[in-house]
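Here are my notes on the model you sent over. Have it open while you read, and go through them in order.

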Amino acid sequence: MATPTGEQQRIEPDYPKDRTQLGGPRLGVVGWARWAWRQLTSMRTALALLLLLAVAAIPGSIWPQRSVDPVRVRAFFDDNPELAPWLDRLYLFDVYSSPWFAAIYLLLMISLVGCILPRMRQHLGSLRAEPPRAPRRLGRMPVRRHATLDATPAEVVAAARAALGDKRFRLRGEDEDALAVSAEKGYLKETGNLVFHLALLGIIVAVGAGSLFGWRGEIIIKEGEAWTADAGTFDTLNLGPLVDELDIPAFTLTLERLDVEFESQAEGAQFGQPRRFEGVATVEVPGQEPRQQDFAVNQPLSVDGDSVYLLGNGYAPVVTVRDAQGEILFSDAVTFLPQDNNYGSEGAVKVPGRDPGLGLVGGFFPTFTATEDAMGSAFPGLADPRLILTAFEGELFPDGRPQSVFSIDTEEMTQLTLDNGDPVAFALQPGDTYELPDGTVVEFEGIIRWGGLLVRHDPGRMPALVISMLALAGLALMLGVKRRRVYVRVEPGSAGPGGQRHTGVTVAGLPKGTDPGLDGVVEDVLARIAQAVDSQQSSTTPARTARQTAEHTQNKDEA
């Protein structure tokens with residue numbers, strides 16, 4: 001092995017084995033806290049948290065949420081008894097109210113506040129400050145133009161200040177450098193940037209306030225049916241954490257009728273598409289006169305600040321069930337849930353008054369069509385309606401568990417059969433009846449429509465709308481306004497023949513970021529200066545000519 005030379009030995013540093021002897025500063029508790037705060041309030045961290053919030057919302061669209069569909073959550077537990085408890089421990093069925101989602105939400109707000117406040121302080125300082133002094137040499141500027149004018153330096157400087165003032169530049173006050181002009185504009189770009197980020201923070205606060213103080217409930221109402229708002233009358237009800245059931249306003253809504261029209265003349269994908277989907281409802285609020293209102297999908301009802309949206313519609317066959325003695329066991333319009341665009345629907349008729357309980361399960365098809373393999377609907381309108389049912393008897397509500405109104409839990413029920421052992425299955429048109437093996441008669445009396453309504457109270461909706469408009473305005477300023485600095489430097493020259501002055505002027509521009517239009521701005525400023533100088537020279541030409549004539553006459557007399 002080669003022995004290191006003396007020069008190498010002198011170059012190699014002799015570090016101490018104990019690195020604490022290096023003498024570098026140590027970060028204490030305060031230092032680490034400052035470092036963590038700077039990392040949290042950086043723009044990079046804010047963008048990362050915003051992306052993380054979007055990623056954290058993905059599980060809410062993969063797994064059913066208790067706040068939206070508790071029935072599906074229970075069904076998932078029944079189908080996945082081993083996986084569901086582990087997912088529940090991770091709050092994957094309550095994503096938007098989970099601690100980890102709230103932590104990301106709060107960290108994002110803190111990060112945005114930490115990013116915005118220093119920039120606001122800096123921007124306010126720049127609004128009060130003057131533009132910086134013009135550099136001594138403008139040769140390094142990305143955009144510059146030079147010209148020689150017939151004017152005094154003072155005249156060129158005055159023309160430059162006037163030209164920049166006309167273009168709404170902020171001028172630096174006159175200082176000891178009388179041969180330079182410094183100007184700047186585009187402060188609204190940073191203002192728009194701050195407005196956009198403040199609006200983004202405001203939207204987050206408005207959405208959070210809507211989640212805390214808002215509520216929403218869903219209800220299915222059939223034509224001619226009256227419904228009174230109350231916590232127990234909603235099919236599904238989701239209250240915010242700071243909302244009590246007593247906060248739900250009391251009102252009564254009667255669905256007078258639903259008008260739906262489908263496209264029957266078009267061909268291809270347009271055939272069967274809805275062309276009109278409107279409803280008429282009567283709203284009664286205590287202390288007010290009942291009023292009738294029209295509403296549609298994008299035109300909700302307004303009830304004391306709450307909104308009632310029309311979400312969907314379907315058919316409700318009117319079914320009457322009588323026992324063998326003719327006594328009515330059940331008579332009502334039963335909602336059937338559409339499964340496709342042609343309103344092929346599924347539903348169930350539950351008759352708990354019969355012993356044992358009777359359940360009729362099947363489908364409703366507004367325009368019946370059948371093949372060897374399946375039955376369906378060829379058109380969503382009522383061209384050839386058909387009600388297809390099969391019958392079960394037994395315990396309709398085992399263990400008292402809640403279940404969907406559109407299906408029946410047949411786990412503890414037996415399907416009725418004919419004498420030959422085939423399952424009971426029958427098709428009815430409006431007005432038809434069918435007799436079950438025990439003498440029970442099922443009658444299909446007619447068809448009405450039902451509407452799915454969403455009642456929503458969202459106090460953050462209007463603030464979020466106004467703030468979103470502010471965000472768009474801030475974004476327009478941020479993208480449309482250019483931050484520019486323009487410097488003008490005057491170079492005095494010698495006097496030429498005839499009393500002309502050769503004064504050099506250089507106009508340079510410095511952008512903040514990319515600015516393709518800066519060349520045009522610099523050229524326009526130089527053109528304005530030259531035009532102002534020419535105008536000033538034109539106005540003083542007669543006086544100058546008279547002075548020169550007098551001097552020439554005096555010289556001639558002396559000669």
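1. (The expected span is 1.5 Å times one less than the number of residues; helices are DSSP runs of H or I with at least four residues, strands are E runs with at least two, and both are numbered from the N terminus.)

2. Some ground rules before going on. This is a predicted model, where local features need pLDDT of at least 70 and side-chain atom pairs count only at pLDDT 80 or more, while totals for chains, interfaces and linings use all residues. Residues are numbered from 1 along each chain as its sequence is written, and side-chain values use heavy atoms, with hydrogens and water left out.

3. Which residues of H8 are buried? They are Pro153, Glu155, Val156, Val157, Ala159, Ala160, Ala163 and Leu164. (Buried is under 20% relative accessible area, exposed over 50%, partly exposed in between, with a 1.4 Å probe and protein chains only.) Just after the helix, Arg168 has a positive phi of about 65°.

4. Five strands form an open, antiparallel sheet in the order S1-S24-S23-S3-S2. S1 (143-149) and S2 (170-171) are the edge strands with a single partner each, so one side of each has no neighbour in the sheet. S1 and S24 (503-511) run antiparallel and are joined by seven bridges; pairing requires at least two DSSP bridges between strands. Arg144 has Ala508 in S24 as its bridge partner. H8 runs at about 165° to S23 (484-491), an angle taken between N-to-C directions on a 0 to 180 degrees scale, with axes fitted to C-alpha atoms, for helices over the stretch in contact.

5. Have a look at Arg322, in strand S11 (306-322). Arg322 is partly exposed, at 25% relative accessible area. A polar contact of 2.9 Å links its side chain to that of Glu443, although the two residues are 121 apart in sequence. (A polar contact is an N or O pair within 3.5 Å; within protein, one atom must be able to donate a hydrogen and the other to accept it, and residues adjacent in sequence count only if both atoms are side-chain atoms.)

6. Gly279, in strand S8 (274-284), is buried at 2% relative accessible area.

7. Finally, confidence. The chain averages a pLDDT (the predictor's confidence in each residue, from 0 to 100) of 84, and 88% of the residues score at least 70. Over residues 543-559, pLDDT is below 50. Where pLDDT is low, the predicted coordinates should not be read in detail.

Technical notes:
Contact = heavy atoms within 4.5 Å.
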